[in-house]
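Subject: Handing over a structure, with notes on its interfaces

Hello,

Please open it before you read the notes.

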Amino acid sequence: MSILINRHTRVMVQGLGRDGSFHAKEMVAYGTNIVAGVHPGKGGTYLEGFPVFNTAQEAVEETEAECSVIFVPAPFAEDAILAAANAGINLVVAVTEGIPVLDVSGVLKELNELGVRLIGPNSPGLISPGESKVGIMPGGIFQRGPVGVISRSGTLTYEVVNQLTAAGFGQSTAIGMGGDPIIGMKYNDYLELLENDGDTEAVVIVGEIGGSDEQDAAAFVKEHITKPVVGYIVGRSAPPGKRMGHAGAIVEGASGTAAAKVEVLRDHGIPVADTVEYIVKLISEKLGG
Amino acid sequence: MKLEEFQAKKLFREHDIPTPAGIMVTSAAEAETAAQEIGCPVVIKAQVQAGGRGKAGGVKLAETPAEARRAADAILGMTIKDLVVHRVLVDPAVSIAGEYYIGITIDRRKKIPVMMASASGGVDIEKVASETPEKIIFQDINPERGLRSFEAKQVAFQLFDDKKKALAASSIMVKLWKCFREVDASLAEINPLAELSDGSILALDAKIVLDENAMYKHLELEELRLPTPSEEKELEATRHGLSYVQLDGEIGCMVNGAGLAMATMDIIKHLGGTPANFLDIGGSSSPEKVVHAMELLVSDKNVKAIFINVFGGITRCDDVANGLVKALGEIKSDLPLVVRLTGTNEEEGRKILSDFGISATGDMTEGALKAINLASMGGGSR
């Protein structure tokens, strides 16, 4: 078991430029069930054995794809996400960085009405080790196991996962939820799924400065989650008012600081690690071994 | 991207939001001429992207053009919150009967724009929000439909009993939304929204922050960018595909990925060192990017040691290693260097570096500790 994706999930890739094509190949190599590609003008061709279509509508009709990963450049990504959602895709993973925030807000309104889930934008995607990966995460460092990982970042997720794997703690599903101010699914949405997932025994929340999602997660964990949860927050040394790489990683107001987030997590009974090594220690305390 | 008051007011005027007819100037002599043109009394206002200008002495009333000249002379060159004042706005002075607040921002939790309004304007709205939150009225905005007239009226009638004033305020709210949407702002704020003694309503101050993600749609707004010296360096980095923020510590950091870059700064601090910067070289790093990144780090005079922390995913360790070798060939620097390489093409990357005489570690904490020790031993020269 895992959440959101497994080996049977029928995945299509939108945007087969340099990055999209590269990662489509990587996903196929990992074992992801890629059934279609979408790239205007490349309809009728094949890539890595899967058919490419001009439109999302055609791709879904022909292949019954259920999940789509978006590599389309920012100016065209809003339209690509809406195309996927309206074609009948039920999970959209937006890797694209730099989509205007107000446009994402509008997209989410429509996706909610259609009952479609969005991961990202500005997300590295997600992976259920040994089953499927959708996005750009390097598959090799992951190992199947009991830990769910939810993060706002890409490479930091790899760092955390690498150390978990080295210590013998594999992952059920690891998700990069995206670094933008407005994103689709958030900690609470994933926590609820992981709580109900038979394979997941503990969850790591990797947070960062900006917004108040970590505080929302703390309250949600206390209220609804029975499995052990540990936290890790980065950006303790970030100056206020500066965007730290991610569009969403900016301290505006008191709740956005790392200190405020750490405090709220601890107040709600969630242990917070100061370093990546310490995450592994906390997990090993919770799971034994 | 933050706009200065005079720029935000210009956008307001283009959207038919009433504001004082002021003139932006860059010298005391021009301020005198502007005051003559506008008619005294006038207000001279420092143009910096910081709050608390009034308290810092950056806003002065002038009764005559000569006074306007003296006021501008005092304000120009002044430092407010580490920012030097290069421009002042000369605005006609008005007689204020009441100060209100309206602002539109993005509510990250609700994932929609939201308008805030308050009868307690003219002061720090964050303070009002934390001390007396009941004094702020919130109005959700549907991003597709926008702020509608009846929604604005519902809010405006809570601020004003008088019909004429409430309708004037609601009309400004709808125009503020249109401006916000059209320029893809992440914040548009009028504080204070002033009621004058003649009963009219106008935007006495203006603040707009633009969404950097949306700048590709608004190339004409790019001309409004007035970077401060530190932003100049950040912008230069952006042009090379790097994301850079300068701090004041001793360890120069070069990392791939924003989250890992923050974690690197944090571990340095946790172990007793001080990070000199945030620097994310991003995914798919070309050797050229690494060269630019090294130039940035070496140009920071506070840096005593450099820590390169790369976890290869899309970024390939051999690309980073090649870039580094190229950079070290071009840049003259004896700064001690610690490299941590893990992930995609790790072996190739380490081989390239060891052929050049650099040994790389695979562990982030070990690398950070080593960099801190080297910096505390005095570091190297450039």
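Predicted model: local features only at pLDDT ≥ 70, side-chain atom pairs only at ≥ 80, totals over all residues.

Residues are numbered from 1 along each chain as its sequence is written, chains are lettered from A and ligands numbered from 1 in the order in which they are written, and side-chain values use heavy atoms, with hydrogens and water left out.

Between the chains, 58 residues from chain A and 50 residues from chain B take part in the contact (heavy atoms within 4.5 Å). The area buried between chain A and chain B is about 4,100 Å², and carbon and sulfur atoms give 57% of it; buried area here is the accessible area (1.4 Å probe) that two parts lose on being put together, summed over both.

There are 5 salt bridges between chain A and chain B, a salt bridge being a side-chain nitrogen of Lys or Arg within 4 Å of a carboxyl oxygen of Asp or Glu. A salt bridge joins A:Asp103 to B:Arg181, with the closest N and O atoms 3.1 Å apart.

On the side of chain A that touches chain B, at least two residues each come from α1 (18–30), α3 (74–87), α4 (101–114), α5 (155–166) and β13 (229–234), where helices (H or I, at least four residues) and strands (E, at least two) are DSSP runs numbered from the N terminus. Helix α4(A) gives the most to that side, with 8 residues.

Within chain A, domain 1 spans 11–119 and domain 2 spans 138–287, with bounds that come from an automatic or database domain assignment. Their centres, taken over C-alpha atoms, are separated by 26 Å, and 11 residues of domain 1 are in contact with 13 residues of domain 2.

These two domains of chain A bury about 870 Å² between them, 66% of it on carbon and sulfur atoms. In domain 1, A:Val101, A:Arg117 and A:Ile119 lose the most area to domain 2, together 45% of what that side buries. The count of salt bridges between the two domains is 0.

Best wishes
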